[in-house]
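Visitor: I'd like to learn how to read a few side-chain features in a model. Could you walk me through it?

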Amino acid sequence: MLTRVKSAVANFMGGMMAGGSNGDHSGGSDLPLKYPYSRPEFLGLSPDEVECSADHASRPIVIVKETKRLPWATGYAEAINAGKSALNEDQARCEVLVIKRKPGGNPTSSQIPMTRRRSSLPNGEGVDPPSCSDRTEDLMLNYWALFDGHAGSGAAVMASHLLHHHVALHLQEVLEILCTPNLLAPTCLGEEPINHHLTPTSQRALTRAASLRGAAGAPCSPGSPPTRFFTEKKVSQESLVIGAIENAFKDMDMQIEKEKGVYNISGGCTALAVVCLLGKLYVANAGDSRAIIIRAGEVIPVSAEFTPESERQRLQFLAYMQPQLLGNEFTHLEFPRRVQRKEVGKRMLYRDFTMSGWAYKTIEDDDLKFPLIYGEGKKARVLATIGVTRGLGDHSLKVHDSNIYIKPFLSCCPEVRVYPLAQYEHGPDDVLVLGSDGLWDVLSNQEAAEAVTSFLANCDPDDRHRYTMAAQDLVMRARGVLKDGGWKISNDRLGSGDDISVFIIPLTHASKQN
């Protein structure tokens, strides 16, 4: 077992270099690719430029050539890894979407046409977001996303092409509700909505008054529906948007699973997506990428990372409830180190899914199995195989040389956090930073914020390229410079050897639109 685990870790950490020239034919699959490998469309790279960007020796930093390709003068920069995989397995997407409904139609009962505003709209200027107070037929949203692939780029490429469509489709289902200010979501679609101009107190008072008068619609009055002896939860529009994004992630994962039998969709990917809608930012994260807001020099984290350590109790509980998933080769318990046979019968520190602290237990033979979660920090692995616990894809991933599937322990469900964009006034240096783990492996939130703040402070506030240059500077700080055969950053620390992708999104443009 130990030999198998060592082999699995070495294989996973070493990347999929032997998987063909494009890295997407793992296992010699003869299936066609659903989408060919490419770099983000908004970069506008030629085939020669794509090839040059994949130079592991020089690791060039690629930036957006034309700022008008991205809304809000968004900045973007990326750099390939130092050789752990043949291709840059990160992918990025930025779109302006307009969701439409048929005039007078019901978006929940028929397919609604959706037009996509291409991201070539110059800086998003001249595009006025629809006002829901006018009960418009359209709803506009901005979308940014990063996908960090592993064991191949197939899942990341596919998700970058399709996830935003899934988000739009789910938002279409609740479009009429979202376009009616202050309307609470009806429990059942088609029911008469609650009068949204009434406060909950006045609504209750009106109901009671009507009941005392025996008015129509009151309990026991002619033609009234059966009396309900229970209360209903009030569901906000914000919760509907969160639910739409969550279901979009699940549908994306299901589509990857369904189509991997028809197309060669290699590996899996983490996903970090941001939706700007109706004056709010919805930040959805499944994986170990990260998003922070820098506002007036303050750092505001707007995502959490999902790793074997952060989700230890969820994973251990699943293994405890379904021990067959461990294949009789792993234990759900965690120990400070591997248990040795000579320690059977002794008391050793351990913890299970019920514990955040540690306690002692008597070691038994079952405890000699390899731990479900092993290692610390970036070296922590689930079933000795993978270092992230949420994301898309990975449906075929198994423990090396076994029939133990990893997917049951991986969740495609994102955590969605909401930032009330319209409640704040934002200056030109207030930004949202999205980065793949290649950035955060070597820079803390504070280090990244200080780098961005200091760079923007030295730029003309009216310079349309300032956010692209800030993204380039941030990637350079994480990558470092080639020195003594390795990549080094400040204080002679090791730079990131992973793929690095960064969006810097100015919030001042959002404030103008809202």
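Guide: Let's start with a cut-off: buried means under 20% relative accessible area, exposed means over 50%, and partly exposed is in between. Keep in mind that this is a predicted model.

Visitor: Fine. Where does Phe317 fall, buried or exposed or partly exposed?

Guide: Phe317 has a relative accessibility of 41%, so it counts as partly exposed. Its place is in helix α7.

Visitor: On to charges. How many salt bridges does the structure hold?

Guide: First the general idea: side chains of opposite charge can pair when their charged atoms come close. In this model there are 28 salt bridges. Take Glu78 and Arg39, whose closest N and O atoms are 2.9 Å apart.

Visitor: Which parts does that pair tie together?

Guide: Glu78 sits in strand β2 (residues 75-79), while Arg39 is in the loop between α1 (2-13) and α2 (47-53), so the pair links parts that are 39 residues apart in sequence. Both Glu78 and Arg39 are buried.

Visitor: What about Glu311 and Arg390?

Guide: They form a salt bridge too, with the closest N and O atoms 2.8 Å apart. Glu311 belongs to the loop between β9 (298-301) and α7 (312-321), and Arg390 to the loop between β15 (381-382) and β16 (392-393), so this pair ties together parts that are 79 residues apart in sequence. Glu311 is buried at 6% relative accessible area, and Arg390 is buried at 17%.

Visitor: And how far apart are the closest N and O atoms of Lys361 and Asp367?

Guide: They are 2.6 Å apart in that salt bridge. Lys361 counts as buried because its relative accessibility is 14%, and Asp367 is buried with 4%. Salt bridges can also share partners: Asp288, Lys378, Asp437 and Asp441 are joined into one network that way.

Visitor: Are Cys413 and Cys52 buried, partly exposed or exposed?

Guide: Cys413 has 31% relative accessibility, so it counts as partly exposed. Cys52 is exposed, with a relative accessible area of 53%.

Terms used
Residues are numbered from 1 along each chain as its sequence is written. This is a predicted model: local features need pLDDT of at least 70, side-chain atom pairs count only at pLDDT 80 or more; totals for chains, interfaces and linings use all residues. Side-chain values use heavy atoms; hydrogens and water are left out. A salt bridge is a side-chain nitrogen of Lys or Arg within 4 Å of a carboxyl oxygen of Asp or Glu. Helices (H or I, at least four residues) and strands (E, at least two) are DSSP runs, numbered from the N terminus. Buried means under 20% relative accessible area, exposed over 50%, partly exposed in between (1.4 Å probe, protein chains only).
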